[in-house]
Amino acid sequence: MRTTEQKQKRRIQDRKYREGLTPAQREERNKKAREYNLLHPGRTTEQSRRWVAKNKARYNKYQKNHRRTTRLKAYEILGGCCVHCGETDPVLLDIDHIYGNGNLRKNRNSDQEVVSGRINREQLQLLCVRCHRLKTRTNGDHLRSNSTHSEQPESHDAGQMTLF
Ligand SMILES: [Zn+2]
C-alpha cells in the first residue's frame with residue numbers, strides 16, 4: 001500500500017509524462033484505452049464511480065473548480081465584458097442568448113458549449129446582471145417559454161422592442 005505522499009508523487013510524475021507526449025503518442029494511448037474499454041465494458045465507469053463515492057469532497061471541489069474555469073474561459077471567448085456597459089467583473093456577468101431562446105436551453109451547459117465551439121457564438125453575448133435583467137424585462141423573454149423553438153435569427157419577433 002502506497003502512502004499518500006507516494007501517491008501524490010506518482011500522480012505528478014504521471015501528469016508530467018502525459019503532458020510530454022507527442023500528438024501521435026497521445027493518439028496511440030487513447031486507442032489503447034478505447035480497446036481496453038471494448039474488452040472490459042463498464043469497468044472504467046465502475047472504477048470512476050467507486051472513486052467518486054470514496055472521494056466525494058475532492059470530486060466536488062474538482063467539479064466546482066472545473067465549472068469556474070470553463071465559465072471564465074467562455075467569458076473570455078465572448079469578449080470578457082458586458083456588451084452594453086462594459087462591466088468586466090465575472091461575478092456580475094451572464095451569457096445572454098441574443099435572440100431570446102435561452103429559456104428553452106436551461107438544462108444545457110452553455111459555458112462548455114462556448115469553449116468547445118459546439119454552439120454558434122454569434123448568437124451569444126455577455127451582459128452584466130443589470131443589463132441582462134433590463135433586456136429580459138423589455139423583450140419579455142421570460143413570458144415566451146411556450147413559443148416554438150428555433151435557434152435561427154428569424155425566430156426573433158421583429159415587432160418587439162430590442163434594447164441590445
Ligand atoms: Zn451591463
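**Close-up views of the predicted model**

**View 1. The largest nonpolar core.** Eleven residues form this core, namely Ala74, Leu78, Cys82, Leu93, Val114, Ile119, Leu124, Leu126, Leu127, Cys128 and Cys131. Strand β2 (residues 124-128) supplies four of them, the largest share. A nonpolar core is a set of buried Ala, Val, Leu, Ile, Met, Phe, Trp, Tyr and Cys residues joined through C-beta atoms within 7 Å; a residue is buried if 20 or more other C-beta atoms lie within 10 Å of its own, with C-beta atoms placed from the backbone. The model is predicted, with local features requiring pLDDT of at least 70 and side-chain atom pairs pLDDT 80 or more, while totals for chains, interfaces and linings use all residues. Numbering starts from 1 along each chain as its sequence is written.

**View 2. Surroundings of Val114.** Leaving aside residues up to four places away in sequence, Val114 touches Ala74, Ile77, Leu78, Ile119, Arg121 and Leu124. Contact requires C-beta atoms, placed from the backbone, within 7 Å.

**View 3. Secondary structure elements.** Six helices and two strands are present, in the order α-α-α-α-β-α-β-α along the sequence. These are DSSP runs numbered from the N terminus (helices: H or I, at least four residues; strands: E, at least two). Of the 164 residues, 13% count as buried.

**View 4. Confidence along the chain.** The mean pLDDT (the predictor's confidence in each residue, from 0 to 100) is 83, and 80% of the residues score at least 70. Over residues 147-161 the pLDDT is below 50, and this stretch has 14 contacts beyond near neighbours in sequence. Where pLDDT is low, predicted coordinates should not be read in detail.

Key
Buried ≥ 20, exposed ≤ 12 C-beta atoms within 10 Å, placed from the backbone. Contact = placed C-beta atoms within 7 Å.
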